[in-house]
Amino acid sequence: MLSVSEPCLGQDEKDALISVIDSGWITAGEKVRQFEQAFAALHEAEDAVALSSCTAALHLILLGLGLGPGDEVLVPAMTFAATANSVLYVGATPVFVDIESVDVPLMSLEDAGVKCTARTKAIILVHYAGYLADREKWQEFAAKRGLMLVEDAAHASGLKEAGTFGVAAAFSFYGNKNMTTAEGGAVIAREPGLLDRIRQARGHGLTSATFQRHGSSMPGYDVTMLGYNYRIDELRAAIGLVQLKKLLDWNERRRQLTVRYKTILAERVQHVKVPFSDSRTSACHIMPIVLPSESDRAEVIAAMRASGVQTTIHYPPTHLFSYYQSKYPGTELPVTEDFASRELTLPLHPKMQECDVDLVTSALADAL
Ligand SMILES: Cc1ncc(COP(=O)(O)O)c(C=O)c1O
């Protein structure tokens with residue numbers, strides 16, 4: 001079966017894990033710090049904080065920005081549930097915004113304008129599938145209304161533009177992402193104070209971490225805020241350091257495969273829509289397509305599976321999940337709902353060959 005995504009892991013990652021185990025120090029220490037600095041450098045940022053997940057990163061960004069009960073945060077529903085969940089973690093209210101179009105399934109500026117109220121404090125932009133939102137337009141939108149811009153850059157590791165939109169960006173290193181540490185995440189933020197608050201909040205709100213106390217003659221610490229255990233460890237950081245070295249090459253490979261998909265689909269499967277027809281900067285995280293209205297997606301998925309091709313759906317929209325429907329009944333996002341009902345994600349990962357793209361597109365054409 002050709003998988004939708006696959007982590008690239010090999011001898012370099014194994015060697016990195018062995019060296020951490022041999023070092024005798026496995027919880028957050030020097031490797032985590034090196035990983036943060038290398039991740040920041042690749043994104044041309046001053047600094048970064050590494051965490052246990054992107055979800056933790058989103059949570060601590062919103063917490064660090066002081067968002068809480070009574071505040072509203074604009075979020076897309078065409079994303080993973082973690083985006084809206086993070087808003088609820090701080091007691092604020094997620095307000096769902098529709099996508100621009102089936103061709104550009106990113107948060108709609110127009111609908112965001114309609115959804116803004118006096119309580120709106122921030123916007124979480126998602127670079128869906130790795131395709132960057134329009135930075136200047138959103139910066140202008142946010143500046144006019146005095147809103148904070150946060151990026152959910154879970155799909156955009158390796159793009160130097162990710163993390164430059166607003167106050168902070170959250171990245172994911174989950175197993176299916178462009179680079180992985182199995183579980184893991186990071187924050188890039190403009191304001192050093194915000195990064196400091198996030199660094200403290202990830203370790204129970206303690207004023208110093210175990211590693212710092214280990215090497216110091218001052219074993220004491222204070223707790224000056226309510227913190228969490230959102231730490232990453234040396235093993236994950238060591239894998240991350242290896243993966244970072246390969247990330248840009250992998251992203252380039254994803255881009256080449258995406259171009260091949262687009263070319264073949266335009267020639268052979270013209271009744272399928274391929275989003276992002278413009279030449280937008282992308283980390284090419286996933287390969288979404290939109291099936292014709294008259295096709296039966298479940299049958300297409302089953303037929304492709306029978307041809308040895310796994311597919312999936314990005315995403316069942318958040319506002320239609322039972323939990324969100326019972327919390328915010330009656331939310332309607334017509335463009336998101338149309339896109340979500342027809343979207344199909346094709347396999348895309350750096351281990352794929354050109355012939356795999358040919359196999360997938362043939363299987364798709366046959367299935368349709
Ligand atoms: C858009 C988006 N945001 C947030 C997350 C959460 O990432 P993590 O699993 O690292 O918490 C994901 C993960 O799939 C995602 O795709």
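This is a predicted model: local features need pLDDT of at least 70, side-chain atom pairs count only at pLDDT 80 or more; totals for chains, interfaces and linings use all residues.
Let me start at one particular place in the chain: helix 3 is followed by Gly-66, whose phi is positive, near 80°.

Residues are numbered from 1 along each chain as its sequence is written.

Staying with helix 3, eleven of its eleven residues are buried, and the helix is mostly covered. Buried here means that 20 or more other C-beta atoms lie within 10 Å of the residue's own, with exposed meaning 12 or fewer, partly exposed meaning in between, and the C-beta atoms being placed from the backbone. The buried residues run from Cys-54, Thr-55, Ala-56 and Ala-57 through Leu-58, His-59, Leu-60 and Ile-61 to Leu-62, Leu-63 and Gly-64. What covers these residues? The cover includes strand 1 (48–51), helix 4, strand 5 (148–152), strand 6 (168–172), strand 7 (185–189) and helix 7 (192–201), and contact in this sense means that two C-beta atoms, placed from the backbone, lie within 7 Å.

Helix 3 also leads us to the ligand. The ligand is surrounded by 14 residues, of which the closest are Ser-53, Cys-54, Thr-55, Ala-154 and Ser-172; a residue is placed in this shell if its C-beta atom, again placed from the backbone, lies within 6 Å of the molecule. Two or more residues of the shell come from each of helix 3 (54–64) and helix 4 (82–89). By class, the shell holds six nonpolar, seven polar and one charged residues, where Ala, Val, Leu, Ile, Met, Phe, Trp, Tyr, Cys and Pro count as nonpolar, Asp, Glu, Lys and Arg as charged, and the others, Gly among them, as polar.

As for helix 4, its buried residues include Ala-82, Thr-83, Ala-84, Ser-86 and Val-87. Among the elements that cover the buried part of helix 4 are helix 3, strand 2, strand 3, strand 4, strand 5 and helix 11 (322–327). Helix 4, too, is followed by a glycine with positive phi, Gly-91, near 85°.

Seven strands form an open sheet with mixed pairing, in the order 1-7-6-5-4-2-3, and strands are said to pair if DSSP finds at least two bridges between them. At the edges are strand 1 and strand 3 (93–97), each of which pairs on one side only. On average, and ignoring direction, neighbouring strands of this sheet are turned by 20° against each other, the axes being lines fitted to C-alpha atoms, for helices over the stretch in contact, and angles running from 0 to 180 degrees between N-to-C directions.

Strand 2 (residues 72–76) is parallel to strand 3, with five bridges between them, and Pro-76 stands opposite Val-97 there. Strand 2 also pairs with strand 4 in the parallel sense, over three bridges, with Glu-72 opposite Thr-120. Strand 4 (residues 120–126) is in turn joined to strand 5 by five bridges, and these two run parallel; Ile-124 has Val-150 as its bridge partner in strand 5. Is strand 5 enclosed or open, and why? Which way it falls follows from burial: four of the five residues of strand 5 are buried, so the strand is largely enclosed by the rest of the structure.Strand 4 is mostly covered as well, with five of its seven residues buried.

Two single residues deserve a look. Ala-112 lies in helix 5 (residues 109–115) and is buried, because 23 other C-beta atoms lie within 10 Å. Leaving aside neighbours within four places in sequence, Ala-112 is in contact with Leu-74, Val-97, Met-107, Ile-123 and Phe-141. Arg-254, in helix 9 (residues 234–268), counts as buried because it has 23 C-beta neighbours inside 10 Å.

Finally, the chain is divided into domain 1 (11–243) and domain 2 (247–367), with bounds that come from an automatic or database domain assignment. Their C-alpha centres lie 26 Å apart, and 27 residues of domain 1 are in contact with 31 residues of domain 2.
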